[in-house]
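Have a look at the structure below.

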Amino acid sequence: MAAILEEIISHKRIEIKSLDTQQIIRNRKPVSFRERLEASDTMAVIGEVKRASPSRGDININIKPEGQAAKYVSGGVDAISVLTDKNYFKGSMRDLEAVKCAVGVPVLNKDFIIDERQIDRAYLYGADVILLIVAALDDAALKRLYDYAGTYGLESIVEVHTEAEMERALAIGPELIGVNNRDLKTFEVDVANTERLLAKYGDASTHFIAESGIKTEADAERMRDAGASALLVGETLMRAAQPDATIRSLKVPRR
Ligand SMILES: O=C(O)c1ccccc1NCC(=O)[C@H](O)[C@H](O)COP(=O)(O)O
């Protein structure tokens, strides 16, 4: 595991000790990102609320998440990702809740999930989708957490960066796989990683989401041509003067 991921996960182990295991009333039906993606004739875009990151430091820390989310929606975003980790990304579950209250599109709880209680919390705060990072989980935990999210009707994006992780992800038959272009060992970002992995695995019956380092319409076209049907975009939108216009430019027609 990359050193930064190891460090984040060891903080998560401490964080989850104080998570409440209260009984959760399952009376909310999550909004499906997969259905929206399948109905779209353009590249789907997940806009991310990302105040800061380990690789970039502060990006836009004083942002109002609900205001940023509203700009994303006016650009036609298909889902909104909210980074809720506090220590490394300066986010919170309150950010996610604020976004959920402000928009109707699916909301992704972007965090480092290693325990069922984090999934309970994601549902409780209004998430529709969660992220499971293959590099942070063994096979048994990956399957267990994937299935557990499904009991709430939450969709999971199963994130990979390497071929070995792709093999492990495909073994559980997920509907959504995120291909991260960021190497967490070096922080190097290269959209060619999606091209490389999808040249080998692009025929699998799943939806591929290209994550990280996407800036321009040309990047979106490259990701589409590689076989991705969605993009996850953080820093570019957080720094954009007009995020709505940037989103429109990334929603390139599907082939
Ligand atoms: O962004 C980081 O520095 C980072 C470091 C360690 C673990 C995860 C990290 N990023 C999470 C993400 O996956 C990105 O926020 C997401 O893919 C958007 O990336 P970008 O468009 O490049 O901001």
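**Pockets, core and a helix pair**

Q: How do the residues lining the second largest pocket divide into nonpolar, polar and charged?
A: Keep in mind that this is a predicted model. The second largest pocket holds about 220 Å³ of space, and among the 15 residues lining this pocket, Ala2, Ala135, His161, Glu165 and Leu184 are the closest to its centre. Sorted by class, the lining comes out as seven nonpolar, three polar and five charged.

Q: Which element gives the most residues to the lining of the largest pocket?
A: The largest pocket has about 540 Å³ of space. Elements that give two or more residues to its lining are strand S6 (129–133), strand S10 (230–233), helix H10 (235–239) and helix H1 (3–17). The top giver, with three residues, is H1.

Q: Which residues are closest to the centre of the largest pocket?
A: The lining divides into 16 nonpolar, seven polar and 12 charged residues. Of the 35 lining residues, the closest to the centre are Glu48, Lys50, Asn180, Arg182 and Ser212.

Q: At roughly what angle do the axes of helix H4 and helix H5 cross?
A: Residues in H4, including Met93 and Leu96, meet Arg121, Ala122 and Tyr125 in H5. By class, this contact has four nonpolar, no polar and four charged residues. The two axes come within 9 Å and cross at roughly 35°.

Definitions and conventions: Residues are numbered from 1 along each chain as its sequence is written. This is a predicted model: local features need pLDDT of at least 70, side-chain atom pairs count only at pLDDT 80 or more; totals for chains, interfaces and linings use all residues. Side-chain values use heavy atoms; hydrogens and water are left out. Axes are lines fitted to C-alpha atoms, for helices over the stretch in contact, and angles run from 0 to 180 degrees between N-to-C directions. Helices (H or I, at least four residues) and strands (E, at least two) are DSSP runs, numbered from the N terminus. Contact means heavy atoms within 4.5 Å. Ala, Val, Leu, Ile, Met, Phe, Trp, Tyr, Cys and Pro count as nonpolar, Asp, Glu, Lys and Arg as charged, and the others, Gly among them, as polar. On a 1 Å grid over the protein atoms alone, a cavity is a set of points where a 1.4 Å probe fits but cannot get out, and a pocket is an open set with protein on both sides within 12 Å along at least five of seven lines; lining residues have an atom within 4 Å of a point. Grid points are joined across faces, edges and corners, and a volume is the space filled by probe spheres set on the points.
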